[in-house]
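Here is a short briefing on one protein chain. Please keep the sequence and the 3D view open while reading.

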Amino acid sequence: MSDRRPPWARHDRASGAVPFGAVPSGAMFHAELNSYRRRLRGGVFWTTAPLLVQGSVAAGAVFALVVHVGAWPATVWAAAGGAVGVVMSAAWASLRTPSLAATATVVDRWFALEDRIATALQFADAEDAFSRLVVDDARRALEAHRHAPLLAEPRNSVRWLRSAGVAGLLLLLTVVNRPGLAPGVAVSAQNSVRSGGSSDRQMASEENSQSGRERVGTSATGGTGPAAASRSDVADPHNRVASDGGRGGDTRAGTSTSRTSSEAGGSSPQGSFAARGEVPASATVSSGNPGNRAASQGGDGPEGNNGGVPAAGGGSGIGGRATPAPSGSAYASASARARSQAEAAIAAQRVPLRLRAVVRDYFLTIQPTGRQ
Amino acid sequence: MTSPTATAETQASTFRDGFTHLRDAIGRVFVGQPMLVDQLLLCFFCQGHALIEGAPGLGKTLLVRTLSDALQLRFGRIQCTPDLMPADITGTNVLVESADGLRSFTFQKGPIFANVVLADEINRAAPRTQAAFLEAMQEHHVTVFGTTHPLDEPFCVFATQNPIEMEGTYPLPEAQLDRFFFRLTVQMPGIDDLAEIMARTTGNEQVITQPTFGRDEVRAALQVIKQVKVADPVVRFALRLVRATHPDIDEAPPAVKKYVRYGASPRAAQAMILSAKALALLAGRFHVATDDLRRVALPALGHRIIRNFHAEMEHVTADALVQAVLTSVAEG
């Protein structure tokens, strides 16, 4: 039966003697160099793992936030992302493991070994005296540098502490931002609806008003009820929602208003303005007024829908549809009435000074004979 | 019984000791310039020929003469002049009359039949006389009247030339320059070295060099040098250096493309690797490092780079071009 052990391992068991010509220097050199190769592979892993794990955890968290999959909490998705990152790092390190020749070159340069290792690798299996001397010399050099850092190996504790910090932050964000709620908007909407007070309404209506024109209406409002509705009507004669809301919500826009207010918890038509102002105000501003830039919050209304705040929870009402603008004499009379009321509001100092010119320009612009 | 590795280590140690002894022996006569002395000895132990350049009076001849004195080898000196004939170097057949009155032609060996030959001011010899050196330097034999006569081993030619005074000279052709293993340049000594030279040459003190290094030691040294290991990446580095001296090759640096007419031959790589092996042994290693190649690149490549007209007009030296090559070629 043939001995399958390598030549240098075939020693006499009784005496422990290694046969002549089977000096294990070549094999030992290979083993030593392989340990450096593993260190290089580990270096690749420890270098890439923090980045990949962080990225994967972030991807998992974002996935959980955006897609809202199933019943799994976001933490599970983030943890799964982290696990994927570890696996990817290991795979990358495995792919990027240098060959023995490359390892020899790297070790030579890093420790300034004057090409000892590369030469020894080439002559490791040769039997002549000079080759053995070279291999022995290289093996000694490798052993001498066994515990020296190789290629600025990363300090794992620092890297992982940093990674843990970033991952923890992401997890926190994931937990806080539960699916279904857009931060800020939803919270303020809920608060304002719940309180129902005029100050809240004022605040919300100001939040809702994004343009100067809209601010005219909201600042003129200040409260609920018919007066508020009429003031709103003054502010924008095209704003059928406001005027209709004042009349009790008997138009399409009014339908939307009452729907919105009922969603928000308000039940009276008089409260609809506040509701319009607070809740994303889809009904209020998406009323089809082409001049109403503040109609942005109207969600999916076909016109006037380019505002800044996302129309969470309020954008899909009927009021989102455009209301046909009045024409002919009706438009002229409505315009004149609104203009006179605006002038009255200005005279009564109810319009801020900085907005008065805007208000006047507005009515000049929309007057029936003027350019629209 | 001595193990093969112990024998190899002993041989390497013997070489180092012999080299150090020769360096010290030369240093007792030739003052300063240790790098020049080391390069000359490297060239000698690698059995290469050296072209020594320097202004008159800097000790070129003294350097070679001192080396030959420290060796137990035959030394021949040829003072080259324009009327020197090839037969004056190689030897010729002369008519000899024997005791019984018979006359016959007998080959009379010239000064080239020595172990160490000094060709002083070789650029003053006529081209055909210079050509007589070609066969001897490359083939280590001479042919006279159809008969080939082998030269003694070891055989080294150390030629000197004055690069300043070119009137009445015949610059060596590229083919002959390529035969030289190294080109060495003797620099002007510093003030301390000059003072030491004055002290030695103007007093009564005579330095006698004891010849200790024989033919067998030189042969053994060359055998040891040839056993030194060179890894493939190191060999490739030497080859890249040589290729980078050719202007028509992509790897050549811009300076080479601009100023070089023709680059170094494969003999340059042979010279670099062999001398780097000797350097490695001297450093106590049994393998060649790329740094060894860098150290011998200048004397091995400098005279093999043929500069073009622009380089001569702009005074761009071959050494500067070699430095450009060394800078541009990366290891690995």
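The model is predicted. Chain B contains 14 helices and eleven strands. Of its 332 residues, 42% count as buried.

**Chain-level contacts**
- Take the contacts in chain B between residues at least 6 apart in sequence: 77% of them join residues at least 24 apart.

**The five-stranded sheet**
- Five strands of chain B form an open sheet in the order S2-S5-S8-S1-S9, with parallel pairing.
- Strands S2 (75-79) and S9 (182-185) of chain B stand at the edges. Each has a single partner strand, so one side of each lacks a neighbour in the sheet.
- On average, neighbouring strands of this sheet are turned by 20° against each other, direction ignored.
- Strands S5 (residues 116-120) and S8 (residues 156-161) of chain B run parallel and are joined by four bridges.
- Val116(B) has Cys156(B) in S8(B) as its bridge partner.
- Helix H3 (residues 60-69) of chain B packs on the sheet. Helix H3 of chain B touches S1 (50-53), S2, S5 and S8 of chain B, and its direction makes about 170° with that of S5(B).

**Helix H14**
- Helix H14 (residues 318-328) of chain B has these buried residues: Ala318(B), Leu321(B), Val322(B), Ala324(B) and Val325(B).
- Viewed down the axis of H14(B), the buried residues fall within an arc of 155°, so they line one face of the helix.
- These buried residues of H14(B) pack against helices H9 (232-243), H10 (254-259) and H12 (290-301) of chain B. They also pack against strands S10 (260-262) and S11 (306-307) of chain B.

Methods: Residues are numbered from 1 along each chain as its sequence is written. Chains are lettered from A and ligands numbered from 1 in the order in which they are written. This is a predicted model: local features need pLDDT of at least 70, side-chain atom pairs count only at pLDDT 80 or more; totals for chains, interfaces and linings use all residues. A residue is buried if 20 or more other C-beta atoms lie within 10 Å of its own, exposed if 12 or fewer, and partly exposed in between; C-beta atoms are placed from the backbone. Helices (H or I, at least four residues) and strands (E, at least two) are DSSP runs, numbered from the N terminus. The arc is that of the directions from the helix axis to the C-beta atoms. Two residues are in contact if their C-beta atoms, placed from the backbone, lie within 7 Å. Two strands pair if DSSP finds at least two bridges between them. Axes are lines fitted to C-alpha atoms, for helices over the stretch in contact, and angles run from 0 to 180 degrees between N-to-C directions.
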